[in-house]
Amino acid sequence: MAQTPKQDRMTPAERMRALLAGQPIDRVPFFPFTRGFCARNVGYPLESFYADPEKSFWSQVWTQEMYGYDGSPAIGYAAYGAWEFGGEVRFPSSQWEQAPIITRFPVQSEQDVWNLRLPDVKTAGMLPMMMQFSKLQQEFGTSINVTCGSPFTRAGNMCGIDKLCRWMVKKPELAHRLLRLATDHGVEVVQYWVDTFGAERITARTSTPAEANQVISPKQFEEFAFPYHKELHEKLLAMGVKRFHCHICGEHNLNLPYLARIPMGDRGILSFGHEVDLETAASYFPNHIIAGNVEPQVIQNGTPQQVYELCRIAIEKGKKAPGGYVLMAGCELPVMAPPYNIYVMKKAVGEFGWYDY
Amino acid sequence: MASEDRTQELLKALSDAVVAYDEEAVAELSKVILEEGIDPLDAIAKGLAAGMETVGDLYAHQAYFVPELLLCSDALYAGLDIIKPHIKTEEQEAKLKIVIGTVEGDIHDIGKNLVKMMFEATGWTVYDLGRDVKLGRFVEEQERTNSDVVALSALMTTSMLAMPKVVEMIKARNPNVAIIVGGAPLTREVANLYGADGYAESATNAVQEVINTIGRLREMRAK
């Protein structure tokens, strides 16, 4: 490793602005993709990360200050949709939990699908807390993120992914109804954010865990996931939203040809898990920023040397991406990750991540 | 009593119906098989389980994905529910036993349910604890059932951390129990790190992995 580390020549905000504009930057940015880890890091209860917008926001700001990484605070959770459409979730509290989990799906039967209605975006589920969080983002001057999909993952959260899978084959009209509701809800939420903050500062965020090829086939992705995700992005673009961060979570290699046809703004950020090679990702998204893909399980269970090596490999591949690259964990950085392993990730950027400009 | 040819014809049809995830056909054929006096154990092994073996191959070759696996599982259970009550009690008690569950803090259970189905299809007695299972319940259930195997599932990096704790708790009470782990964040390396005896990469190889693990443990104890 370098004995005299290079110094940053840009602030995190300058670096991201330049990266998004396609301009030269000093080094690869580093977003560890920290969520509940931040609450633990500053001594807050894990539940507060999702239940208390102030604690969630400041735990992220302070953790970022401590490690010196890039990016800005964000809020969202993978089980979004269940609570918002009338089900129930449980906030994480035990040492084995990570994020809110669904305790009751709003859709239990086929009839529930037809009875389901779009919720009030001002009062449903976690939306009031997310709005409060975004007001902190506005006040602090960071990008204002709004999670709005993916429609497929959210549909799965409404009825249970096992029901959705069965209905896709046996009763596709039920699956399409839920996907329609999930898409329309995503659009309504973003419209609310645009009406509140204006479109210019908004980053629309989606993630795609339920539609990974560990679950569905590319043909099923083409019919049930792709059209709705594409429609969502097109409608958001029409509203004036310019920035997208799409977290392509899990094994998506067979879905990449379809994902590449979803408009991601100018320029979008696409983050990938360890299942998708970064060079492959860059080939499908040459005009967008690629992020990832350090395996979270290794960040938690691995040695610092193993983490460092994975970061080296990711940085060396990612730096070749024509649209630009951000070092990230392949999915949420584990709540119980050894803090030193995050420090090691930053060290890897310091060793391998410089550009010559 | 069905002839040999008729038996083979019916068992093949049953197997094909599982592969085609045709619940109604599986149920109907299962009734016919019993009416024609075919051995229920053969119906399960050479009809239902044989069908699931083909399903496993289709999954391994990415012709089938989780939706198809779930529907094939539904078809399998449609047959098992009809055939199993006709199996003699002493034949059932001789089967190997497995306790299975998704660990505390984790509600993901599709993979676990598919593994459960694979074991039931091959004649194991499965004690399914469900999901978000308190760690001590695995120990209690293993002792209550005297199961040969405990299978732990986790999909989250936080919940996977419960696995070494469960392994330690079970081994402290009964070191001869084989413990296998599985779930998206797991690897064989991590399974070894956690002290597990085996690792199931997918539902379709879980049964073979357990058989191999039990064999390996017996060899080690014999030395």
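A: In strand β4 of chain B, B:Ile180 is the residue that stands opposite B:Ala151. These residues belong to a parallel pairing in which 5 bridges connect strand β3 (residues 149-153) of chain B with strand β4 (residues 178-182) of chain B; strands are said to pair if DSSP finds at least two bridges between them. The model is a predicted one, in which local features need pLDDT of at least 70 and side-chain atom pairs count only at pLDDT 80 or more, while totals for chains, interfaces and linings use all residues. Residues are numbered from 1 along each chain as its sequence is written, and chains are lettered from A and ligands numbered from 1 in the order in which they are written. Strands (E, at least two residues) and helices (H or I, at least four residues) are DSSP runs, numbered from the N terminus.

The pair β3 and β4 sits in an open sheet of 5 strands of chain B, with parallel pairing and the order β2-β1-β3-β4-β5. At its edges stand β2 (125-128) and β5 (198-200) of chain B, and each has a single partner strand, so one side of each has no neighbour in the sheet. On average, neighbouring strands of this sheet are turned by 25° against each other, direction ignored. For the angles between directions that follow, axes are lines fitted to C-alpha atoms, for helices over the stretch in contact, and the angles run from 0 to 180 degrees between N-to-C directions.

Helices pack on this sheet. α6(B) lies across β1 (97-102), β2, β3, β4 and β5 of chain B and runs at about 170° to β1(B), whereas α10(B) touches β3, β4 and β5 of chain B, its direction making about 150° with that of β4(B). Contact here means that the C-beta atoms of two residues, placed from the backbone, lie within 7 Å.

These helices also meet each other, for the axes of α6 (residues 110-121) and α10 (residues 203-222) of chain B come within 8 Å and cross at roughly 50°. That angle makes α6(B) oblique to α10(B), where under 35 degrees counts as roughly parallel, over 145 as roughly antiparallel, 65 to 115 as roughly perpendicular and the rest as oblique.

The contact of α7(B) with α8(B) has 7 nonpolar, 1 polar and 3 charged residues.

Finally, chain B is divided into domain 1 (4-90) and domain 2 (95-222), with bounds that come from an automatic or database domain assignment. In chain B, 13 residues of domain 1 are in contact with 9 residues of domain 2, and α3(B) gives the largest share of the domain 1 side, 8 residues.

Conventions
Ala, Val, Leu, Ile, Met, Phe, Trp, Tyr, Cys and Pro count as nonpolar, Asp, Glu, Lys and Arg as charged, and the others, Gly among them, as polar.
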